[in-house]
Amino acid sequence: MESLTEGVWDAVISGTSLPQSLLALALSRTDLKVIHVDRNSYYGGVDAGLSLKEAEAWVEARKGTGKVFPALTWLTVTASSSESVEYGIFKAEQSGLGLARAYTISLKPQIIYAKSRFLPSLVSSQIHTQLEFQAVGAFWVFSDGELKKIPSNREDVFADDSLSVRDKRRLMGLLRHVLENNDDETAGTRQESLKIKLQGQLRIPENLEAAIQALTLTTDTTVNVDSGVAMARLKRHLLSTGYFGPGLAAVIAKYGGTSEIAQVACRAGAVGGFVYLLGHGIESIRAESAEENLVQVKLSDGTQISTRRIVGMEDDLPSDSLASLNTSQDTAPPHPVSHSISIISSRLGSFFTSASDTGPVPAVSIVLVDRGQGQAPVYLQIHSEDTGECPTGQCIIYASTVQSNPSAQHTLKSSVDHILTAASENEDNPVVLWSIHYQSNEPLTAPQSSALLFHDDYKRIFQLPKRPHDVALDDSVLDSVKAMWQEILGERSAEYDFLRFEERPDPNEEE
Amino acid sequence: MASHGVPRSATREQRSVEARQKELREIEQYQSLVTEIRQGVEKKDLSPELLDKTSALLKKNPEYYTIWNVRRLIFANEFDNLVNQVQNQHLEEDKKQSQVLDIINHDLYFLFPLLLEYPKCYWIWNHRLWLLNQGSFYLTPGGARALWDDELTLVSKMLTRDSRNFHGWGYRRTVIEKLESDELNGQSLSRAEYNYTTKMIGQNLSNFSAWHTRSRLILKILNEENADAVERKQMLDEELKLIHKALFDPYDQSLWFYHQNLMSNFDPDTCQKAMAPGLSQAEKVAYVQEEREFVEDLIEDAADSKWVYQALMDCVLIEGKLTGGLSAEMNKNVQTWLEKLKELDPLRSGRWADVQHTILRRTV
């Protein structure tokens, strides 16, 4: 194997979060020389799937001042806001937790809609064969102390006896309106809020608002959500429903969702000949003279690498090299988001019933907890034992809300508690066996354009944007990865198709 | 294969010279198979080899119905041979039955993948029926019944794959009829089938076939159970409640079809054949007025649905028949609705103009 310090590398990719991993996958069939590093001892970066011990260590490392490693600090785009991070670990007194390795805690559990661009790209890039997909089942809303399943199609509405005739007619009108119109074209123009749209033109009674918002997976209050954005998401949900099977609108990859996809993508990079180094971060980046068009990258173990380009996400690049971010480029401002992850002592089977006798058994359920007027909703993503993330007889609840004040953690905790009470069957008394809570700063919307973010005038140091906080994986990640892929390949990008490969011949079959 | 909602497109691929040659060879093979089969039939050589040839041909083209006839000729011949053997005491009756059953099962097995691939081919369904009827003829009631029971399972599976395949629904009605027949020691399955339509409608409200089958079953149930006028009226009320519940979607044609079917109970020209023929004049008028009010209420949420105005027209015309004419106010409303219909359904504006004319003539 070639020594790392010799020669010139075409690219150094820092961090194995999903965007970087997809980039490695996209480049894996070219003859480029690429080194892919990650300062952690595991794959996945911000999308990692961690065992219990790893998750606890992850939280411990972030407690306190928020300094993660001596060489790196958390960087904020707006210098005025300070990073206030709240981290905590809770362990119940009662026993019931399995072995630490029996769990895969997903740091970014995201569902993938059937009618997304992302799913077909997993197929065309041939990595779908290494992934097992599970069904996302019904969406629920918890409002006024009641837990209710949300109808996703006309037959669901027909069968729902809790809805009045008027409710049903309005919902039917909404269904037809969304599918027959192109309201999504106004997305981003901020013409009116979702609340106004629902109450006004669509005449949806207020008691149904939370349920409809749940289907859009929008995270702000309905007064603040842009109606064009919401209608586009609602259309996506309705068109995706039933696409792969009755009652099924989205899927998730088994064993940790996006973490599994990142791992498989990196594996493709390795098969493509890229060098992989875990446990190695970037200590510094030094530009060479302009004519050479190279940068000198120093790894955390002192290794010096000469490369044409280096790309990573904000936290994967040393802060001093990020001083001059081209501010004319669009970066959606980050917003505090509170998270909690809880292991539950029961399987909460009522969330995982199949929509029909022929349909798949879902492994994920989504709940929107309505907190009333003027308060952003809490989203709960419930993963069953079938996701492989926990032992049988248990489940995991991922909770999040776009709120940063100290009461956010209490809000998440009480949301989880409400659901446990509402969903407990028979004498089953589900409790939280273990949980962590933390805060992150994430954009709430996807970047408006896929223009590249770069840090130096000679375009050698690139930053991939953070993905927006969202229950569903946003297709915009493909756009930023593609832009980077084109930048790296230059004119040669015309020779290749982005994320579209032939099946690799099985090495065991070759004579 | 075409299915509901999926447009059928003739694929015209660019054919290479090789592909064209291949196709010409296949056409040649096909035509020589046809010739061989015809010759075999002329010579009355109804052998297993001929059967194999028909199998090969039918796999390529199940729509060639003459070849199915040839197949049946071969089987009929085999059955005749078996019957003769029993008569000549060379074969026992129960051995004959098991051999007949083998032949039938073997061919049902042959048909199954063809049916999956061509679920709308009349001749495949037809041949299945022929085989099963042969079973009824030659086997004991118990043995035959087993075949028909399996067939009901099969058609249920086919309807799960495509719940709106009318071949499947028609076939199901035939199978049920056989299972209920005396020759198979059957009993009425109407209530169970009625529940089946409820289930299928719950899975897809636009299922014309399910609603249609339901309407047939209701008449059957009421007759079989010797329902009196009260029970008939009760069932009518339940069905009206159901269709009102489903009409939260006033844009669905299949729902309005069923509604129209229920309204035939109130129309003096059609009520004798309907489920509740014993309704009094006053009751009919009350029902029709209630329906008119229900439909008028739908205009609020569905002002652009032509079905709503059409249903209103139907209500009013029936009311007119019952009360011997329309009030001046009703006439005015009718004219407004007809104008609306001409606007919403411009392709049929001629028809609506005609209706206008007819009503005007009546009131003159």
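Which residues form one aromatic cluster in chain B? The cluster consists of B:F79, B:W130, B:F137 and B:Y138. The model in which these side chains are placed is a predicted one, and the values given below are computed from it.

The assignment follows from the cut-offs, because buried means under 20% relative accessible area and exposed means over 50%.

Over all chains, a search of the whole structure finds 17 aromatic pairs. One of them joins A:Y243 and A:F244, whose rings are 5.2 Å apart from centre to centre, with 65° between the planes. This pair, too, is edge-to-face, because planes over 60 degrees apart are classed in that way. A:Y243 is partly exposed, with a relative accessible area of 46%, and A:F244 is likewise partly exposed, at 47% relative accessibility.

The charged end of B:R172 sits over the ring of B:Y196, at 3.5 Å from the ring centre. In the case of B:K306, the charged end sits over the ring of B:W307, 4.4 Å from its centre.

The strands of chain A come next. Strand β14 of chain A, residues 310–313, pairs with two strands that are described here. Strand β1 of chain A (residues 11–14) runs parallel to β14(A) and is joined to it by 3 bridges; in this pairing, A:S14 has A:G312 as its bridge partner. Strand β21 of chain A (residues 461–464) also runs parallel to β14(A), here with 4 bridges, and A:G312 stands opposite A:Q463 in β21(A).

Elsewhere in chain A, 3 strands form an open sheet in the order β11-β12-β13, with antiparallel pairing. The edge strands are β11(A), residues 282–287, and β13(A), residues 304–307, each of which pairs on one side only. On average, neighbouring strands of this sheet are turned by 25° against each other, direction ignored. Strand β12(A), residues 295–299, pairs with β13(A) in the antiparallel sense over 4 bridges, and A:V297 stands opposite A:I305 of β13(A).

In chain B, helix α7 (residues 166–180) packs against helix α9 (residues 208–224) at an angle of about 25°, with their axes 10 Å apart. The helices α7(B) and α9(B) are therefore roughly parallel to each other, and their crossing is right-handed. In chain A, helix α1 (residues 18–27) and helix α11 (residues 476–489) pack at an angle of about 50°, their axes being 9 Å apart. The angle makes α1(A) oblique to α11(A), and the crossing of α1(A) and α11(A) is right-handed.

Technical notes. Residues numbered from 1 in each chain as written. Chains lettered and ligands numbered in written order. Predicted model: local features only at pLDDT ≥ 70, side-chain atom pairs only at ≥ 80, totals over all residues. Heavy atoms only, no water. Pairing = 2+ DSSP bridges. Axes fitted to C-alpha atoms, helices over the stretch in contact; angles between N-to-C directions. Phe/Tyr/Trp six-rings, centres within 6.5 Å; stacked < 30°, edge-to-face > 60°. Buried < 20%, exposed > 50% of the residue type's maximum accessible area, 1.4 Å probe, protein only. Lys NZ or Arg CZ within 6 Å of the ring centre and 35° of its normal. Parallel < 35°, antiparallel > 145°, perpendicular 65-115°, else oblique. Left-handed = near helix turned anticlockwise from the far one by under 90°.
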